[in-house]
Amino acid sequence: MVNLLQPFIDMLGDVAPIALVLFGFQLLILKQKIPNLKKVIIGFILVWIGLTLFIVGLEKALFPLGKLMADQLTSVDFIGTNTNWGSYYWVYIFAFAIGFATTIAEPSLLAVAIKANQVSGGFIKVWSLRMVVAFGVAVGISLGSFRIVAGLPIHYFIIAGYVVVLIQTYFAPKNIIALAYDTGGVTTSTVTVPLVAALGLGLASTIEGRNPIIDGFGLIAFASLFPIMSVLAYAQITNFLNRRKNDAL
Amino acid sequence: MKKTFFVFLNSLLNSAKDLAPIVLVIGFFQLVVLQQNIPNFADIIIGTGFVLLGLTLFVYGLNLGLFPIGEALAFAFVKKGSLVWLLIFAFALGFGTTVAEPALIAVANEAANVAQLGGIIDNEAVDNYAQTLRYTVAISVGLSVLLGALRIIKGWALTYLIIGGYSLVIIATIFAPEFIIGIAYDAGGVTTSTITVPLVTALGVGLASSIRGRNPMTDGFGMIAIASLLPIVAVMIFGILW
């Protein structure tokens with residue numbers, strides 16, 4: 001069967017320092033009782049158990065298969081020897097699909113979406129925010145794969161991305177900006193990073209002239225930049241449509 | 001009891017909806033595109049069951065524990081009125097949650113290997129290099145959360161901080177050794193873990209809600225954005241100086 005003890009201990013190493021900082025400050029510095037202490041402790045235990053099961057399950061089921069597929073899709077047997085960047089179309093499609101799918105399953109993004117929904121009084125829908133972010137990650141990762149295949153320097157893309165984000169920021173509705181920037185950082189954690197990293201390393205090691213150590217990195221950077229654009233764009237489009245509807249009335 | 005059961009069943013169903021895309025994508029590519037069998041089918045079923053249950057429990061615990069305590073702390077700090085302790089707390093939260101982060105340890109070790117292959121450092125320095133890099137990133141995340149909290153208190157516009165951050169990234173890119181650029185850009189994304197994100201978000205929203213004149217929507221978010229920018233700069237500066 002599955003050995004669960006070790007993963008639970010490992011995850012405790014993740015949760016414990018955080019709990020220590022939180023409870024330490026609450027009791028020693030703020031000298032305050034924690035409201036609903038029992039509930040909070042149960043919550044922490046649930047988070048601990050939940051994340052452990054989540055990660056053990058991913059490592060058992062989805063990661064091995066996902067990594068294997070990233071290897072197979074980028075291998076010479078599948079792509080053939082006489083190639084240009086266009087022969088990798090299945091890789092781009094896979095990058096898009098897996099970027100989208102892993103982002104939908106990302107627990108941190110779910111947490112931020114729930115919070116945004118509460119704070120905006122239900123105006124921001126949990127599900128649509130996640131869809132928009134997932135679309136951004138999908139575009140980012142497939143463009144990032146293209147960059148590795150084509151061998152272009154990463155900083156051109158990133159700097160161009162920054163410029164686009166700043167222009168969008170200027171025109172976007174004010175109340176969405178901070179949330180949009182945050183989604184860039186939260187999309188890439190537990191689920192996305194291992195699969196996407198495998199894809200990048202697989203690509204960089206198959207293609208001639210690429211160095212896996214240098215070119216294999218950078219997909220995560222694309223995955224954290226593009227959701228910012230997609231969320232800003234979504235807010236702008238919604239805003240525009242609402243205004244037109246109001247004008248028509 | 002019956003009601004709890006139905007609520008739980010409903011959350012399980014929601015988690016299943018969250019995971020369906022991954023299962024579909026992997027299944028489609030494996031069976032249709034690559035035309036291969038799915039190996040270890042039993043393992044995959046068990047694993048998917050774990051993931052489902054795990055995600056459901058995580059979301060439960062989030063609403064029960066992480067969100068309330070993040071907001072309670074923010075509220076208590078504002079009531080106490082001590083900016084210094086709030087900033088120390090913000091730094092400790094950012095530093096403490098990052099320094100032990102497995103993804104960061106992996107990236108730091110990778111960077112050390114690259115540096116060694118590139119002849120930047122010799123064999124003996126590898127461990128030292130990885131560790132210093134790890135602390136550099138953790139300190140930069142600590143500073144980011146501190147800066148994010150200070151921004152909410154002072155009411156600074158996030159956009160200016162982000163423009164400043166972007167400019168620093170671009171300037172650092174010009175001077176940084178080439179091998180570290182890809183790693184540095186990735187470091188920004190991997191530093192914020194699944195437990196840190198809900199806490200930091202709750203802290204920010206809590207701060208913005210308890211200070212008069214702040215809007216939780218415009219001011220409460222943004223800490224994670226800063227925490228994904230500064231590490232990029234920190235890693236590149238580290239690459240330049242080492």
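This is a predicted model: local features need pLDDT of at least 70, side-chain atom pairs count only at pLDDT 80 or more; totals for chains, interfaces and linings use all residues.
Residues are numbered from 1 along each chain as its sequence is written, chains are lettered from A in the order in which they are written, and side-chain values use heavy atoms, with hydrogens and water left out. Chain B as a whole averages a pLDDT of 85, with 100% of the residues scoring at least 70, and the model scores are ipTM 0.85 and pTM 0.87.

The secondary structure of chain B consists of 10 helices and zero strands, helices (H or I, at least four residues) and strands (E, at least two) being DSSP runs numbered from the N terminus. The C-alpha atoms of chain B fill a box of roughly 55 × 55 × 30 Å along the principal axes. Of its 242 residues, 55% count as buried, that is, under 20% relative accessible area with a 1.4 Å probe, protein chains only. Among contacts (heavy atoms within 4.5 Å) in chain B between residues at least 6 apart in sequence, 78% join residues at least 24 apart.

Between the two chains, 92 residues of chain B are in contact with 94 residues of chain A. Together the chains bury about 8200 Å², 82% of it on carbon and sulfur atoms, buried area being the accessible area (1.4 Å probe) that two parts lose on being put together, summed over both. Phe50(B), Tyr166(B) and Met217(B) supply 9% of the area that chain B buries against chain A, more than any other three residues.

Three salt bridges are found across this interface, the criterion being a side-chain nitrogen of Lys or Arg within 4 Å of a carboxyl oxygen of Asp or Glu; the side chains of Lys115(A) and Glu71(B) meet in a salt bridge with an N to O distance of 2.4 Å. On the side of chain B that touches chain A, helix 2 (residues 41-80) of chain B gives the most, with 29 residues. The residues of that side divide into 63 nonpolar, 21 polar and eight charged, where Ala, Val, Leu, Ile, Met, Phe, Trp, Tyr, Cys and Pro count as nonpolar, Asp, Glu, Lys and Arg as charged, and the others, Gly among them, as polar.

Methods:
pLDDT is the predictor's confidence in each residue, from 0 to 100. Buried means under 20% relative accessible area, exposed over 50%, partly exposed in between (1.4 Å probe, protein chains only).
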